[in-house]
Amino acid sequence: MQIGIPKEIKDQEWRVGLTPGSVRVCCERGHQVFVEMGAGVGAGFTDEDYTRAGATIVNSPVEAWCRDLVVKVKEPLSSEYGFIQKEQLLFTYLHLAADRELTEQLIHKGVHAIAYETVELPDGRLPLLTPMSIIAGRLSIQFGARYLERQQGGRGVLLGGIPGVKAATVVILGGGVVGTEAARVALGMGAKVQILDVNVERLAYLETLFGSSVELLHSHPSQIEESVPQADLLIGAVLILGKRAPKLVSRELVAKMRPGSVIVDVAVDQGGCIETLRPTSHSHPIYIEEKVVHYGVPNMPGAVPWTATQALNNSTLPYVLQLADKGLKALEFNPVLAKGLNVENHHLVHPAVREVFPDLV
């Protein structure tokens, strides 16, 4: 099968769909890989690296897109819609619940669109979302600490404090992978940490990880209203598979936060869980609203592309090989991969996304 690897064009998105090592494995299986010139440079992989791995370097996006299987990192942007072909296999992050236009385009084009974020194991784990969730969770604290600095618009608070001066309070909405990793880093930096989650069993599991170091609270409106105004750094880490994130924090509640506090909403690519939060970019990552610093970059792991690309490929490569070997029939052999199918033959097929856009069914 012919596999295309376009260069990512989202703002400062330096990740790439396949590493040279992954390309080599594909080529050794008898597949042809076409990599757009410069696609891997931002992640530390040269065109020569890909050539040595067996790939063909192509000069334009259309030459990478016109293949049986296209492997990307982020969703196609409007300038790429014209490259999408009928019955083509597209394997990438899509996050359709937050993007009606893209959903309509994929349906119209007749592409077979498989989303990394909805590939699901029998126990409910999301193997292709997890590595980026780990990275985003850790980065959320790294970025949050930066924007708490006065020169960046924040309150001028050191996350861990020092002896004689109290540490910052970090409130994390959601105790999944993102929230857990955010808590791990925040604790390491010496912050006071709260995690709110609706799943009591998950809270019990987090207690085995953190003991009494983290305050673990059941998430309900009254508790959110109590915790959010106390936060120096608020992390949105809510995930509902395939659906838009619920709005847990209202504008009125944001206005009760101390001026110069920081919000980092990792759920922004699914619509965000903070009412005042809108998507930003690595070029313009923050804005001030209700006197609070808002950070809403939807492709946070793009800031560490060398790490993120390899972490993603470690998880995606087995599925890429299945698609390359068997085409769409791979979904019949692997029900885990089949859960990732969002659009097929002009139809929206993923149950959760269908609930978001019932008029497109």
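Colleague: Is Ser-281 buried or exposed?

Modeller: This is a predicted model, and the reading applies to that model. A residue counts as buried when its relative accessible area is under 20%. Ser-281 has a value of 17%, so Ser-281 is buried.

Colleague: Where in the chain is Ser-281 found?

Modeller: Ser-281 belongs to the loop that runs between strand S11 (262–265) and strand S12 (286–289).

Colleague: With which residues is Ser-281 in contact, leaving aside its neighbours within four places in sequence?

Modeller: Those residues are Asp-11 and Val-297. With Asp-11 there is a polar contact between the two side chains, at 3.4 Å.

Colleague: Let us turn to the backbone. What is the phi value of Glu-87?

Modeller: Phi of Glu-87 is near 65 degrees, which is a positive value in a residue other than glycine. Glu-87 lies in the loop between strand S4 (69–71) and strand S5 (89–92). With a relative accessible area of 53%, Glu-87 is exposed.

Colleague: What is the phi value of Lys-291, and where is that residue found?

Modeller: For Lys-291, phi is near 65 degrees, again positive in a residue other than glycine. Lys-291 sits in the loop between S12 and strand S13 (292–295). At 60% relative accessibility, Lys-291 counts as exposed.

Colleague: How many disulfides does the structure hold?

Modeller: A disulfide is a covalent bond joining the sulfur atoms of two cysteines. The structure holds 0 disulfides. Cys-66 is in none, and the nearest cysteine sulfur, that of Cys-27, is 16 Å away. Cys-66 counts as partly exposed, at 33% relative accessibility.

Colleague: Finally, in what order do the strands of the open sheet run?

Modeller: The sheet has 8 strands, in the order S3-S2-S1-S4-S5-S6-S14-S15, with mixed pairing. Its edge strands are S3 (56–58) and S15 (347–348), each of which pairs on one side only.

Colleague: In which sense do S14 and S15 pair?

Modeller: Strand S14 (residues 341–344) pairs with S15 in the antiparallel sense, over 2 bridges. The bridge partner of Val-343 in S15 is Leu-348.

Note on methods
Residues numbered from 1 in each chain as written. Predicted model: local features only at pLDDT ≥ 70, side-chain atom pairs only at ≥ 80, totals over all residues. Heavy atoms only, no water. Disulfide = S-S within 2.5 Å. Buried < 20%, exposed > 50% of the residue type's maximum accessible area, 1.4 Å probe, protein only. Helix = DSSP H or I, 4+ residues; strand = E, 2+ residues; numbered from the N terminus. Polar contact = N/O pair within 3.5 Å; in protein donor to acceptor, adjacent residues only side chain to side chain. Contact = heavy atoms within 4.5 Å. Pairing = 2+ DSSP bridges.
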